[in-house]
Amino acid sequence: MDAIDSFLAHASGGGRSAFVRNSPAYATGSMAIIRAAALFESEEFAPFLVDTSEDVARAIRTTRHIASHAGYRAMNDEVFWTTLTVHLPPLVAQWRRAADR
């Protein structure tokens, strides 16, 4: 969770204007998604993800596939930015709370 939080902070730290394709912020945002998707592939983290809907898990995996396989040309930058700044931070906080129980 710490790594994902760090990646999110770096990706969004410069604001939307700094979050452009091929920038360090964009690459770091991709790593945040890749690391978040990896949580769903490990039995070790399964107990902390039980409250995450299958739709959310599928969306994270889909974004990861686009970022890591299809390349940035297939990425909708506004949706990606919103995912990193609006949708993913509360999920990480939820997962962290679940792990702390």
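**Helix packing around α4**

Helix α1 (residues 2-13) packs against α4 at an angle of about 155°, and the two axes run 10 Å apart. The model is a predicted one. With the cut-off for roughly antiparallel set at over 145 degrees, α1 and α4 therefore count as roughly antiparallel to each other. The crossing of α1 past α4 is left-handed. On the α1 side, the contact draws on Asp-2, Ile-4, Asp-5, Leu-8, Ala-11 and Ser-12. Facing them from α4 are Trp-81, Leu-84, Thr-85, Leu-88, Pro-89, Val-92 and Arg-96. Sorted by class, the residues of this contact of α1 with α4 come out as 8 nonpolar, 2 polar and 3 charged.

Next comes the packing of α2 on α4. Here the angle is about 45°, and the axes lie 11 Å apart, which makes α2 oblique to α4. The crossing of α2 and α4 is left-handed. From α2, the contact takes in Tyr-26, Gly-29, Ser-30, Ala-32, Ile-33, Ala-36 and Leu-39. The α4 side supplies Asp-77, Phe-80, Thr-83, Leu-84, Leu-88 and Trp-95. The tally for the contact of α2 with α4 is 9 nonpolar, 3 polar and 1 charged residues. Leu-84 and Leu-88 of α4 turn up in the contact with α1 and again in the contact with α2.

Then there are the aromatics. Searching the whole structure turns up 5 aromatic pairs. In one of them, Tyr-26 and Phe-80, the ring centres sit 5.1 Å apart with the planes at 75°, so this pair is edge-to-face. Tyr-26 belongs to helix α2 (residues 24-39) and Phe-80 to helix α4 (residues 77-100), so the pair ties together parts of the chain 54 residues apart in sequence. Ring pairs go on to link Phe-19, Tyr-26, Phe-80 and Trp-81 into a cluster. Of these, Trp-81 is also listed on the α4 side of the contact with α1.

One more residue gets a look, this time in helix α3 (residues 54-70), where Arg-64 is found. Arg-64 has a relative accessible area of 11%; the cut-off for buried is under 20%, so Arg-64 counts as buried. Setting aside neighbours within four places in sequence, Arg-64 is in contact with Ile-33, Ile-34, Ala-37, Glu-41 and His-69.

Terms used:
Residues are numbered from 1 along each chain as its sequence is written. This is a predicted model: local features need pLDDT of at least 70, side-chain atom pairs count only at pLDDT 80 or more; totals for chains, interfaces and linings use all residues. Side-chain values use heavy atoms; hydrogens and water are left out. Rings of Phe, Tyr and Trp (its six-membered ring) pair if their centres lie within 6.5 Å; planes under 30 degrees apart count as stacked, over 60 as edge-to-face and the rest as tilted. Helices (H or I, at least four residues) and strands (E, at least two) are DSSP runs, numbered from the N terminus. Axes are lines fitted to C-alpha atoms, for helices over the stretch in contact, and angles run from 0 to 180 degrees between N-to-C directions. Angles under 35 degrees count as roughly parallel, over 145 as roughly antiparallel, 65 to 115 as roughly perpendicular and the rest as oblique. A crossing is left-handed if the near helix is turned anticlockwise from the far one by less than a right angle, and right-handed if clockwise. Contact means heavy atoms within 4.5 Å. Ala, Val, Leu, Ile, Met, Phe, Trp, Tyr, Cys and Pro count as nonpolar, Asp, Glu, Lys and Arg as charged, and the others, Gly among them, as polar. Buried means under 20% relative accessible area, exposed over 50%, partly exposed in between (1.4 Å probe, protein chains only).
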